[in-house]
Amino acid sequence: IMKYLKFEANWCGACKMIKPILRRVTEAGIPVEVVDAEHSAELVTKFNVKNLPTVILVDSSNIELTRFTGTKAKAQDYINEYQKHNG
């Protein structure tokens with residue numbers, strides 16, 4: 001199953017800003033898994049996450065398909081990207 005991995009941290013204000021956006025993504029039936037960057041060093045390293053928030057679309061084998069960094073993407077951007085890879 002494809003899903004988004006949202007890398008965030010408690011102290012990250014921008015991470016809180018995109019919560020409502022990603023809520024709309026989950027409401028569209030797209031899974032979003034939250035990853036606490038401070039407690040998931042292995043995943044942070046695996047996906048080479050340098051900035052928060054980073055949201056990565058992965059396939060069923062956890063292979064990266066695409067990524068969004070920061071707060072510029074809209075809910076529809078996430079949905080469109082998911083559908084593009086799920087086509």
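Me: Buried means under 20% relative accessible area. The model here is predicted. By that cut-off, does Y82 count as buried or exposed?
Reply: Y82 has a relative accessibility of 10%. The limit for a buried residue is under 20%. Y82 therefore counts as buried.

Me: How many aromatic pairs does the count come to, and are the rings of Y4 and Y82 stacked, edge-to-face or tilted?
Reply: The count comes to five aromatic pairs. The ring centres of Y4 and Y82 are 6.5 Å apart, and the planes meet at 40°. Under 30 degrees would be stacked and over 60 edge-to-face.

Me: How many residues apart in sequence are the parts that the pair of Y4 and Y82 ties together?
Reply: Y4 belongs to strand β1, while Y82 belongs to helix α4. The pair therefore links a strand to a helix across a sequence separation of 78 residues.

Me: Which residues form one aromatic cluster?
Reply: Y4 is buried, at 0% relative accessible area. Its contacts include F68, Y78 and Y82. The aromatic cluster consists of Y4, F68, Y78 and Y82.

Me: Which element gives the largest share of the largest nonpolar core?
Reply: This core has 15 residues, and Y4, V25, V55 and Y78 have the most contacts inside it. Two or more residues come from each of α2 (19-27), β3 (54-58) and α4 (75-86). The largest share is four residues, and it comes from α4.

Me: How many residues does the second, separate core have?
Reply: Among its members are L5, V44, F47 and V58. The count for this second core is nine residues.

Me: In what order do the four strands form the open sheet?
Reply: β1 is joined to β2 (residues 32-36) by five bridges, and the two run parallel. β1 also pairs with β3 over five bridges, in the antiparallel sense. β3 and β4 are antiparallel too, again with five bridges. The pairing is mixed, and the order is β2-β1-β3-β4.

Me: Which strands stand at the edges?
Reply: The open sheet has the order β2-β1-β3-β4. An edge strand here has a single partner, so one side of it is left without a neighbour in the sheet. The edge strands are β2 and β4.

Me: Which helix packs on the sheet by touching β1, β3 and β4?
Reply: α2 touches β1, β2 and β3, and its direction makes about 165° with that of β1. The other helix makes about 170° with the direction of β4. That helix is α4.

Me: Is K6 buried or exposed?
Reply: K6 lies in strand β1 (residues 3-8). Five of the six residues of β1 are buried, so the strand is largely enclosed by the rest of the structure. K6 has 2% relative accessibility, so it counts as buried.

Me: Which side chain does a polar contact of 2.5 Å join to that of K6?
Reply: K6 stands opposite V34 in β2 and opposite V55 in β3. Its contacts beyond four places in sequence include C15, I18, K19 and L22. The polar contact of 2.5 Å is between side chains, and the partner of K6 is E8.

Me: Which residues of β3 point the other way from T54, I56 and V58?
Reply: In a regular strand the side chains alternate between the two faces of the sheet. T54, I56 and V58 point one way from β3. Five of the five residues of β3 are buried. The residues pointing the other way are V55 and L57.

Me: Is T69 buried, partly exposed or exposed?
Reply: T69 is in strand β4 (residues 64-69). Its contacts beyond four places in sequence are N51, P53 and T54. Buried is under 20% and exposed is over 50%. At 44% relative accessibility, T69 therefore counts as partly exposed.

Note on methods:
Residues are numbered from 1 along each chain as its sequence is written. This is a predicted model: local features need pLDDT of at least 70, side-chain atom pairs count only at pLDDT 80 or more; totals for chains, interfaces and linings use all residues. Side-chain values use heavy atoms; hydrogens and water are left out. A nonpolar core is a set of buried Ala, Val, Leu, Ile, Met, Phe, Trp, Tyr and Cys residues joined through side-chain atoms within 4.5 Å. Buried means under 20% relative accessible area, exposed over 50%, partly exposed in between (1.4 Å probe, protein chains only). Contact means heavy atoms within 4.5 Å. A polar contact is a pair of N or O atoms within 3.5 Å; within protein, one must be able to donate a hydrogen and the other to accept it, and residues adjacent in sequence count only if both atoms are side-chain atoms. Rings of Phe, Tyr and Trp (its six-membered ring) pair if their centres lie within 6.5 Å; planes under 30 degrees apart count as stacked, over 60 as edge-to-face and the rest as tilted. Two strands pair if DSSP finds at least two bridges between them. Axes are lines fitted to C-alpha atoms, for helices over the stretch in contact, and angles run from 0 to 180 degrees between N-to-C directions.
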